[in-house]
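Please brief me on the model below.

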Amino acid sequence: MEHPGEHYYKLNRLLLSISGLCPYQSKRNALLIRAAYTVVMLSSIFFQISSIFTSEVTVDFIVDGIPSLLLIMGSLTNLYMRINHIDKFRELLERMSKDWALQKSHDEIKIMHEHAETSRLFTLYYLILTYVNIGGYNIWMFIPDILDTVSPMNDSRPRVRPFNAEFFIDEERYFHLIRIHISLVLLMLPVIYIASSTYFMTLTQHVCGMCELLGYRAERLFCVVRDEATGGLIEKSQISYGNMAVFVRQHYNIIQFVDIVEACHTVPFLIDLMAIIVLMSLTLIQVLTISSFELAIRSFGVSTTSLCYLFMVCYMGQRITDVSSSICDKIFKSTWYNAVVSEQKALLMIMMRRYHPLILTACKFYVMSLQNFGMILQTVISYGMCIRQF
């Protein structure tokens, strides 16, 4: 459904299509994409688990192997948990289209465009930074082979590998085939994470925009106007955007929108949260021990990416809570006392929401907020120090 802000979301639609999660793509294309992604990820999981039976299993081996397994299994889990909510994805996009189609003033249109532009820029920069880093790491993996060709030595330089894996073939003979598989895994792995996280950012920025827009309208629902005939001031209820029922309905639509976002993301949030705690605890140990430069760089990159993802989710959850509460504050600060009693009662329904602000949670177990983000960091550091003692 086309709307004035459609161009802001084209990149998100493209990422969802590439990951097989776009509600508007054909079922055949979506199934092919999901199948290809699943085969590549499952093969990587199989090869990594196989290395347990052909290598000496030590604490360092486990600490080095678990993060990569968690990332790959997490991407598959994210994919298949969101497949069940494709219809809700469609409903959310249609609701966004209807919100853009509402009649708005110039200032209100500006509010919508600002939030949509923020989500577009976040998606673009997130995509670029992710693949610049992954592309750089892929090039770094091939540097020893390039140097062996350009400036050969008596012994081949040690080759870089992002994870332990047993391919059950002659690795010297089929070296390029193995490298292609590893590069393919590294390039495909972030797709689901990027598509889902940027889509979440787009949805939550839209919620923030609608809450800010509704707050803007709340401040102007009731006003004191000048009587042109007498030149004096008269108090009256002036609702410029329809009637009170429309205002209340728009607020209810925002609540419904957030409820759908919560239903789509609450279980993946909980899984991601548990995985991030384990992942960052293990990578923290690797960064602190610094057994090799390559491992330290890889661990630092993984932990930084996980931290940024968790911060983004918690920050947007906090933003939704704040902007939803601000609507009630703006209603309270408006000249509501100029309204008739029936209109005041209608506003009271919205103001009561001040005591139950909109929140996003991980299965009601964890509230997405900046305060809880700090608590997670403390937990990660505690677990990391505890594991390091072993």
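Ile182 lies in helix α6; helices (H or I, at least four residues) and strands (E, at least two) are DSSP runs, numbered from the N terminus. Ile182 is buried, with a relative accessible area of 0%. Buried means under 20% relative accessible area, exposed over 50%, and partly exposed in between (1.4 Å probe, protein chains only).

This is a predicted model, in which local features need pLDDT of at least 70 and side-chain atom pairs count only at pLDDT 80 or more, while totals for chains, interfaces and linings use all residues. Residues are numbered from 1 along each chain as its sequence is written, and side-chain values use heavy atoms, with hydrogens and water left out.

**Residues in helix α6**

- Leaving aside neighbours within four places in sequence, Ile182 is in contact with Met141, Arg161, Pro162, Phe163 and Phe167. Contact means heavy atoms within 4.5 Å.
- The C-alpha atoms of Ile182 and Pro162 are separated by 8.1 Å. These two residues are 20 apart along the chain.
- Ser183 also belongs to helix α6. Ser183 counts as buried because its relative accessibility is 12%.
- Ser183 touches Asn138, Met141 and Phe142, not counting residues up to four places away in sequence.
- Ile192 lies in helix α6 too. Its relative accessibility is 0%, so Ile192 counts as buried.
- Ile192 is in contact with Ser19, Tyr37, Ser75, Asn78 and Leu79, neighbours within four places in sequence being left aside.
- Ile192 and Tyr37 are 155 residues apart along the chain. Their C-alpha atoms are separated by 9.5 Å.

**Overall fold**

- The chain has 10 helices and four strands.
- Along the sequence, the order is α-α-α-α-α-α-β-β-α-α-α-β-β-α.
- The chain has 390 residues, and 48% of them are buried.
- Take the contacts between residues at least 6 apart in sequence: 79% of them join residues at least 24 apart.
- The accessible surface of the chain is about 20100 Å². Carbon and sulfur atoms account for 65% of that surface. Accessible areas come from the Shrake-Rupley method with a 1.4 Å probe; for residues, only the protein chains shown count as cover.

**Spans from the record**

- An unreviewed UniProt entry lists "transmembrane region" for residues 31–49, 61–81, 122–143, 174–195, 269–289, 295–316 and 358–381. UniProt positions are given in the numbering used here, feature names are shortened, and annotations may be inferred rather than shown by experiment.
- In the model, residues 174–195 are 95% helix and 0% strand. The end C-alpha atoms of this span lie 33 Å apart.
- Residues 295–316 are 100% helix and 0% strand. Here the end C-alpha atoms lie 32 Å apart.

**Largest pocket**

- The largest pocket holds about 1300 Å³ of space. A pocket is an open set of points on a 1 Å grid over the protein atoms alone, where a 1.4 Å probe fits, with protein on both sides within 12 Å along at least five of seven lines. Grid points are joined across faces, edges and corners, and a volume is the space filled by probe spheres set on the points.
- The lining comprises 44 residues; a lining residue has an atom within 4 Å of a point. Leu71, Ile134, Gly301, Val302 and Thr305 lie nearest the centre of the pocket.
- Helices α3 (59–83), α5 (106–150), α6 (175–218), α7 (244–289) and α8 (293–333) each supply at least two lining residues.
- Which helix gives the most to the lining? Helix α8 does, with 13 residues.
- By class, the lining has 30 nonpolar, 11 polar and three charged residues. Ala, Val, Leu, Ile, Met, Phe, Trp, Tyr, Cys and Pro count as nonpolar, Asp, Glu, Lys and Arg as charged, and the others, Gly among them, as polar.

**Positive phi in loops**

- Phe168 is found in the loop between α5 and α6. Its phi is near 60 degrees, a positive value in a residue other than glycine.
- Phe168 counts as exposed because its relative accessibility is 52%.
- Cys363 is found in the loop between β3 (361–362) and β4 (366–367). Cys363 is not a glycine, yet has a positive phi of about 55 degrees.
- Cys363 is partly exposed, with a relative accessible area of 33%.

**Leu121 in helix α5**

- Leu121 lies in helix α5. With a relative accessible area of 27%, Leu121 is partly exposed.
- Leu121 and Leu11 are 110 residues apart along the chain. Their C-alpha atoms are separated by 10.0 Å.
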